[in-house]
Amino acid sequence: MLDQRNHQGKFAEDYVRALASAAGLLVYKDDLDHDGIDLGFRHPGRSGYIASPAIEAQIKSWSAPATQGPDLLFRGLNEVQYNKLAAGPFLVPRYLFLVVVPAESEHYARVETDGLMLSRLCYYRGFEGEEPILDPSPKRYATVRVPLGNVLTVRALRELVGAPTGSPA
């Protein structure tokens, strides 16, 4: 049995994988999380002039969300992790995917007559144009504002990747 932290993190990755599958996207994972990226997402085709458009994401889970106005205030990235998302420009755009989960793991998913329901929502935030933190420390944490309106859905994930937003082929 996984401990709470690992169970929560695995559920968050699987939640996003389910969205990617529904979106018809390929999911890839580096053999080592050395660059701050948990998963990559690629459209297996052309989108306009671009072949195989892609994005990469750091995926975090959170069971005690804090909000301020229209934003989640996430304090789960240390400054080094933050810079791995913000210190671009990157050839492949990078995002933070923040999966809000129930505090109790038995509430992560439930089966209903209409199908499987995964609990809570995933939010996203890009970092293009953000300034990296000078002299980052793994002991200090950055506060990241994640708009509550940025809900990661099948359509939103396809749009972030740059895939056509119609039905997956």
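A nonpolar core is a set of buried residues of the kinds Ala, Val, Leu, Ile, Met, Phe, Trp, Tyr and Cys, joined through side-chain atoms within 4.5 Å. Keep that in mind for the views below, and remember that this is a predicted model.

**View 1. The largest nonpolar core and the pieces that build it.** This core has 26 residues, and Val 16, Phe 41, Phe 97, Leu 152 and Leu 157 are the ones that touch the most other members. At least two residues each come from α1 (4-22), β2 (39-42), β5 (54-62), β8 (94-100), β11 (122-126) and α3 (154-161). Helix α1 gives the largest share, 6 residues.

**View 2. Another core, apart from the largest one.** Here 16 residues come together, including Trp 62, Phe 74, Tyr 82 and Val 100.

**View 3. Helix α2 and its buried face.** Helix α2 takes in residues 79-86, and Glu 79, Tyr 82, Asn 83, Leu 85 and Ala 86 are its buried residues. Look down the helix axis and the buried residues of α2 fall within an arc of 160°, so they line one face of the helix. Among the elements covering them are β5, β7 (71-78), β8 and β12 (141-147). Check the start of α2 too: a side-chain oxygen of Asn 78 comes to within 3.0 Å of the backbone nitrogen of Val 80.

**View 4. Tyr 28 and its surroundings.** Tyr 28 belongs to strand β1, residues 26-28. With a relative accessible area of 22%, Tyr 28 counts as partly exposed, because buried means under 20% and exposed means over 50%. Setting aside neighbours within four places in sequence, Tyr 28 has contacts with Asp 38, Leu 39, Gly 40, Phe 41, Arg 42, Ala 54, Ile 55, Glu 56 and Val 92. Asp 14 sits 14 residues away from Tyr 28 along the chain, and their C-alpha atoms are 13 Å apart.

**View 5. Strand pairing from β1 through β2 to β5.** Strands β1 and β2 run antiparallel and are joined by 3 bridges. Tyr 28 has Gly 40 in β2 as its bridge partner. Strand β2 also pairs with β5, again in the antiparallel sense, over 4 bridges. There, Gly 40 has Glu 56 as its bridge partner in β5.

View 6. Over residues 11-160 the chain is 18% helix and 38% strand, with 22 Å between the end C-alpha atoms.

Note on methods. Residues are numbered from 1 along each chain as its sequence is written. This is a predicted model: local features need pLDDT of at least 70, side-chain atom pairs count only at pLDDT 80 or more; totals for chains, interfaces and linings use all residues. Side-chain values use heavy atoms; hydrogens and water are left out. Buried means under 20% relative accessible area, exposed over 50%, partly exposed in between (1.4 Å probe, protein chains only). Contact means heavy atoms within 4.5 Å. The arc is that of the directions from the helix axis to the C-beta atoms. A polar contact is a pair of N or O atoms within 3.5 Å; within protein, one must be able to donate a hydrogen and the other to accept it, and residues adjacent in sequence count only if both atoms are side-chain atoms. Two strands pair if DSSP finds at least two bridges between them.
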